[in-house]
Amino acid sequence: MIFELKIKDFILIEDVTVDFLSGLNIITGETGAGKSIILGAIRLILGQTANKDAVRIGADKASIKASFYTNDLVNELLVKYDIPTDDEIVIIAREVQAKGKSISRVNGQVTPLNIIREVTECLIDLHGQNENQKLLMKSNQLNLIDAYGGIPIEEIKRALKSTYREIAALDKAIEALRVDDLEKAKKVDFLTFQLDEISNASLKPDEDTALEKEFEYLSNIEALKMSFEKAVVWMKNDHDEGIVNKLSTLSNEFSKLEAFDDEIVDFSARLKDAFYALEDLSKDVENYKENLEFDPERFLFIERRLDTINALKTKYGQSIAEILAFESAIVEELEYFESIENKVSELKKQRDQSLLIYNEQASVLTDLRQKSAQKLESALQNELIELNMKDTRFKIELEVMTRVHENGLDEVEFLISTNLGQPFKPLKKVVSGGELSRLMLGIKIVLGHLDNIPTLIFDEIDTGISGITANVVGEKLSRLSKMSQVICITHLPQIAVFSDHHLLIEKESTTQNTMTTIKEIDQNSIVDEIGRLVGGMEMTTATKHHAREMIEKAKALKK
């Protein structure tokens with residue numbers, strides 16, 4: 001709960017310290033005295049965005065500091081965000097500079113507003129005109145049903161959310177694998193065409209090198225013939241002019257000279273070897289020449305084959321090795337597309353299994369919510385009757401949807417009929433601000449034992465009510481303050497008389513400026529303030545007597 005609020009240089013407040021106690025804290029004051037300023041300061045503590053207009057004229061900055069008794073939920077959040085903790089208190093501070101800069105702190109550490117909001121949600125529940133509008137939202141209405149259903153609903157929701165996350169993860173995985181069917185078909189067709197073009201060529205490693213060599217050979221076959229014919233003529237001439245014949249004659253001559261010198265024997269032997277070698281060479285050259293023949297079919301085949309290979313090179317790589325590597329990559333990509341279908345099929349099977357579990361859990365959750373809704377409907381109907389809304393009928397309508405959601409399949413609508421004979425209509429289309437405030441009060445009373453929020457603040461709870469209804473609202477607030485600290489801003493004496501702690505807001509004006517002050521008032525001053533609320537500015541003996549009677553009756557009811 002909040003036990004201290006320090007406000008300095010905020011709008012019309014110069015320097016004020018407000019002490020709050022447990023129980024029902026009532027704030028009253030004349031119209032225009034500045035009750036909304038106190039609420040504005042609290043909203044800043046709750047993380048509302050600030051602007052420089054909040055700074056009192058003439059001041060450099062406005063500062064607001066709220067001290068709370070902490071709880072386990074708050075400390076868990078502080079630990080989560082590496083914010084210093086204290087076993088007993090948590091201090092939240094806002095500073096707004098005249099130049100527009102805003103600083104927020106938790107336990108002295110600068111903290112972003114989103115974390116401030118998350119922390120204060122565990123400390124204060126504020127109900128003003130804007131906050132009560134949340135009751136009109138279907139998601140919040142469903143949360144109320146779940147809260148009233150207690151632990152059984154909490155447990156099945158936890159299990160259902162886990163299953164939902166599994167489904168969401170599977171959907172994400174499927175979506176990541178899924179390719180647009182038309183684009184996929186185009187891609188597969190193109191890859192298949194490329195694969196067929198390469199596969200049909202039946203390429204062999206280094207095949208192009210051998211073919212190019214053979215192509216060069218066949219292209220120059222006539223030049224080869226001419227060269228070899230010349231070689232045959234030079235080596236072997238029919239008129240003994242050939243090299244072979246001349247070498248044979250020279251060898252024979254040296255054979256005759258062998259008897260004269262051993263060295264000549266060596267020369268003769270070497271000449272014979274040269275003769276035989278040249279004779280063999282001449283035969284081989286002549287045979288090769290005889291076999292030199294241009295094969296036009298082979299030449300055409302090689303030419304076309306090289307054209308095919310070169311065409312593939314322009315598309316898929318500069319060598320056969322690169323083309324074959326490209327082919328392997330295509331095969332892998334096609335296999336990947338095929339595997340996608342298999343993976344998607346497997347993931348869909350897993351999703352179907354998870355969806356079966358989800359639907360079973362959702363069905364259990366729906367049954368529990370139906371029971372909780374019936375009990376909440378009955379309890380709220382009783383509260384509305386007690387809040388002097390006797391002709392008002394309240395109904396909760398649950399509808400089972402088909403979409404998968406982390407909160408289950410249920411959608412809720414709070415329906416209300418404010419006059420006898422009128423049909424039920426959605427809450428947002430019927431109720432006034434005052435009716436909505438009383439309905440929220442009834443909900444807080446019904447759910448009070450389940451609400452872990454230590455402080456409830458009510459503004460405009462008295463809108464559109466008076467007399468007996470106001471008395472009932474005051475009594476309800478008093479009862480609610482037994483479970484949580486309650487702070488209520490009111491202008492009705494029927495509510496104010498139930499205070500455990502009464503704060504008075506006043507506006508003081510001088511010739512130079514206007515300031516708002518807030519102070520705790522004692523029993524005598526409370527009587528005067530209740531009298532003012534009852535009878536206006538004129539305080540009579542009868543007014544005071546009536547005020548005391550109202551206070552005494554409230555005390556009796558509080559017991």
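**Close-up 1. Helices α9 and α11 pack against each other in this predicted model.** The axes of helix α9 (residues 221–235) and helix α11 (residues 262–291) come within 9 Å and cross at roughly 150°. Because angles over 145 degrees count as roughly antiparallel, α9 is described as roughly antiparallel to α11. The crossing in which α9 passes α11 is left-handed. On the α9 side, the contact is made by F228, E229, A231, V232 and M235, and these residues meet L281, S282, V285, E286, Y288 and K289 of α11.

Close-up 2. When neighbours within four places in sequence are left aside, F68 is in contact with M1, I2, F3 and I45, with E88, I89, V90 and I92, and with L123 and I124. In soluble globular proteins, nonpolar side chains tend to be buried together.

Close-up 3. A polar atom of the N25 side chain lies 2.7 Å from the backbone oxygen of L21. Not counting residues up to four places away in sequence, N25 touches F20 and H501, together with Q485, V486, I487 and C488.

**Close-up 4. I11, a non-glycine residue with a positive phi.** The phi of I11 is about 55°, although I11 is not a glycine. This residue is found in the loop between strands β1 (2–10) and β2 (13–19). With a relative accessible area of 34%, I11 is partly exposed, since that class lies between the buried limit of 20% and the exposed limit of 50%.

**Close-up 5. D206, a non-glycine residue with a positive phi.** The phi of D206 is about 60°, although D206 is not a glycine. The residue D206 is found in the loop between helices α7 (181–200) and α8 (207–219). D206 counts as exposed, with a relative accessibility of 57%, because exposed means over 50% relative accessible area.

Note on methods
Residues are numbered from 1 along each chain as its sequence is written. This is a predicted model: local features need pLDDT of at least 70, side-chain atom pairs count only at pLDDT 80 or more; totals for chains, interfaces and linings use all residues. Side-chain values use heavy atoms; hydrogens and water are left out. Contact means heavy atoms within 4.5 Å. A polar contact is a pair of N or O atoms within 3.5 Å; within protein, one must be able to donate a hydrogen and the other to accept it, and residues adjacent in sequence count only if both atoms are side-chain atoms. Axes are lines fitted to C-alpha atoms, for helices over the stretch in contact, and angles run from 0 to 180 degrees between N-to-C directions. Helices (H or I, at least four residues) and strands (E, at least two) are DSSP runs, numbered from the N terminus. Angles under 35 degrees count as roughly parallel, over 145 as roughly antiparallel, 65 to 115 as roughly perpendicular and the rest as oblique. A crossing is left-handed if the near helix is turned anticlockwise from the far one by less than a right angle, and right-handed if clockwise. Buried means under 20% relative accessible area, exposed over 50%, partly exposed in between (1.4 Å probe, protein chains only).
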